[in-house]
Each structure stands twice: as structure tokens, then as C-alpha cells.
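Open the model in your viewer and keep the selection tool at hand. This tour goes from one stop to the next.

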Amino acid sequence: MVREKAISSLSYKDAGVDIDAGAALVQAVKPLSRSTERPGVMGSLGGFGALFDLRAAGYTDPILVSGTDGVGTKLVVAITAGIHDTIGIDLVAMCVNDLITQGAAPLFFLDYYASGRLDIATGTSILTGIANGCRQAGCALIGGETAEMPGMYRDGDYDLAGFAVGAVERNAMITGDACSDGDTLLGIAASGPHSNGFSLIRRIVTDAGLNYADPAPFKDHQSLGKALLTPTRIYSRSCLAAAPHGIKAMAHITGGGLFENVPRVLPKSLAARLDGGSWEVPAVFRWLAKAGGVTPEEMARTFNCGVGMVIAVAPNAAEAVAHSLREHGETVFTIGHLEQRSDGPPLTIDGWDAAWGG
């Protein structure tokens, strides 16, 4: 006689998904969400969809601008170093800094947070950073998704994605179409590598035999992990305040560095010429270049090299735009100009090797 195996009673928690932990995290997020509220927000967290009223936000003829992004393998540094409270700022920054290049004010933000096993303390730390970033940007955290997927991620690993929507009045859009030969290029200082090039950064750290708990070779009184996790600077309030003073184009310097991102916002007939000695390359980049044997050209093709946003303005508007940016706490450099493009590259950096001591 074949004896049937007794079937035990299984639950979703037995399969690795803790619904109660997810609900607890939602409750922890609610006050963080309320701290980011701005005009236009309707309802609160917990519904199937998030609502936003553009008329209540003060728009009459708005164009919506949207963007989505992540923070790349900077997540690996955060996870390995066990530092989770700033990576959410990076997530917001990478999305909203893209929106403002077209003159759009960020209105609301949603996040996607996935892990193999939900840790409430880690999740709360991450979402606290996201709320902090939203407050810096002036946008509301109005929703998101927390996914617990056992078997998809190793224990302790997680992934993040962000989604932002902004708006700009139709007649105030920044398109780059008004740029012309002789326009001045301003650069706004970055806080560090921001959230780009971390696959190369991690390789350099490994090859140098360093751990993220070791002292940072380029910054006193900080661990290497903490220094590398310096959050991406959020430029929304400063750049939007300066826009009416004459900004013609804005380039967010993300993946692809200076070489790839500045030409993206320019008419095909124009090229950018930068003065490589017009700003001081921060110590973190000098260390990366030296420790990794990375050429100056490769540095500018991978990293922002100290310039997180590049702005094109008419020469007679440069002083007013720079003054407005500085009033909002930015460090601003005059880094170059636009010129007619012939058969050459869309961006040239004069004296770039010399700026690195080469």
C-alpha cells in the first residue's frame, strides 16, 4: 500500500515573503511622505494610484516632463559599506536633475524598492533618504512599490529605481534652440562622482586592495565608503531660480561625462569648447585617475570631473545667472563657450592634460 505524504499548511511567509513587514514599512513611510507635501498633492499613501492637481500647483498651460533612473552600482558600495541613509537622495537627484534641464519644476516622485528579504530598518533608512531628497528638490513623495522577492536577490541585496514628473509652462521651456555662437558656458560644482562611473570606481578600489571601511585616501576623517557615498547634489531650486535670468540650455553631467552630455542639449550646428583649467578638479577624481591609471580623456568620458551641471547663457546674462546660482548656495565657474561646429568633435577641452598635471 502506498502511503500518501501528509501535506503541511504553507503560508506566503514560509515562502520568504513577509506581508506584515511590508505593511509596517508602509506605515513608517507615511510621515516621511507627509513631510514632502507641496501644492497639488491629493490624497495620501495607500491607494492604488497617486493623484496630483496641476491647477492647484499653479499651472495654466503646462507641459509635463517625466524621467526615470537608478543609481547604478553605487548601490553595491552602499550595501557593502552598510550605509543606506543617503542612497535615496541619489535616487531623487538622478531623476529631478534631468527634469530641470528643460526648465521643469519637479512635482512628484515615486520609488521602486526591491529586495530578497525585507529588512524594515534598512528600508526605512533608504526611504528616509528618498524623502530627504524630495524635500531638497521641492517635490512630493506620493507613492511607490516595495517588492519582496526571495530567490531573486541575495540576502542583504536590494535594488532601487525612481520615477519623477515635473511641469513647465509652455512658454518657459528650455530647449537649447536659442543657443548661438559665442554663448558662455557656466559649470556648477558637483559634490563628487554623484551616481556615475561606480563600476570603474569599484574596480579601482579592489585593485588598490582597499576596503570601504578604510580611511579615504582623498578625504580626511572619513571612511572610503562614506566619502564615495557623498550624495548627488540636487540642483532644482537653484537652477529653476536662475532660469528666468537667461538660461538657454542645461546639461546634467551623468553617465558619459562631459564629452557625452554637453552636446546633447546643443543644436547640431554648435560645438562646446571648455577651458580645462577653469575649475579645480576635486581630490576624489585625482585619486581615481592616479590609483587606476585612468587617462584625463577617459576621466571626462566617465565622470563629471567636478562639474555636475553645465549651463549655456548669452555673455551679457552670465553674471546675473551666476549671481542667482551663488545666492542659492552653488559654486559656479565660467568654463567655456559655444562656437560654430565644423568637422571637429562636438566638445573640446583645451588644456585638459595640463589640468591633471600631464
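Start with the second largest pocket. Its lining has 15 residues, and Asp98, Thr101, Met250, Arg264 and Val265 lie nearest its centre. This is a predicted model, where local features need pLDDT of at least 70, side-chain atom pairs count only at pLDDT 80 or more, and totals for chains, interfaces and linings use all residues. Residues are numbered from 1 along each chain as its sequence is written, and side-chain values use heavy atoms, with hydrogens and water left out.

On a 1 Å grid over the protein atoms alone, a pocket is an open set of points with protein on both sides within 12 Å along at least five of seven lines; a cavity is a set where a 1.4 Å probe fits but cannot get out; lining residues have an atom within 4 Å of a point. The second largest pocket holds about 250 Å³ of space. That volume is the space filled by probe spheres set on the points, which are joined across faces, edges and corners.

Now select strand β8, residues 247-252. It gives five residues, the largest share of this pocket's lining. Strands (E, at least two residues) and helices (H or I, at least four) are DSSP runs, numbered from the N terminus. By class, the pocket lining has five nonpolar, seven polar and three charged residues. Ala, Val, Leu, Ile, Met, Phe, Trp, Tyr, Cys and Pro count as nonpolar, Asp, Glu, Lys and Arg as charged, and the others, Gly among them, as polar.

Next, the cavity. One cavity of 30 Å³ or more is counted. Select Leu185, Ala249, Met250, Ala251, Val262, Val265, Leu266, Val310, Ile311 and Ala312 to show the lining of the largest cavity. β8 and β10 (307-313) each give two or more of these residues. The lining is made of 10 nonpolar residues, with no polar and no charged ones.

Move to helix α3 (residues 87-99) and helix α4 (residues 120-137). They pack at an angle of about 40°, with axes 6 Å apart. Axes are lines fitted to C-alpha atoms, for helices over the stretch in contact, and angles run from 0 to 180 degrees between N-to-C directions. α3 and α4 are therefore oblique to each other; under 35 degrees counts as roughly parallel, over 145 as roughly antiparallel, 65 to 115 as roughly perpendicular and the rest as oblique.

Which residues of α3 and α4 meet? Ile87, Leu91 and Val96 are among those in α3, and Ile126, Gly133 and Ala137 are among those in α4. Contact means heavy atoms within 4.5 Å.

Last, select helix α5 (residues 198-207) and helix α9 (residues 283-292). Their angle is about 60°, and their axes lie 10 Å apart.
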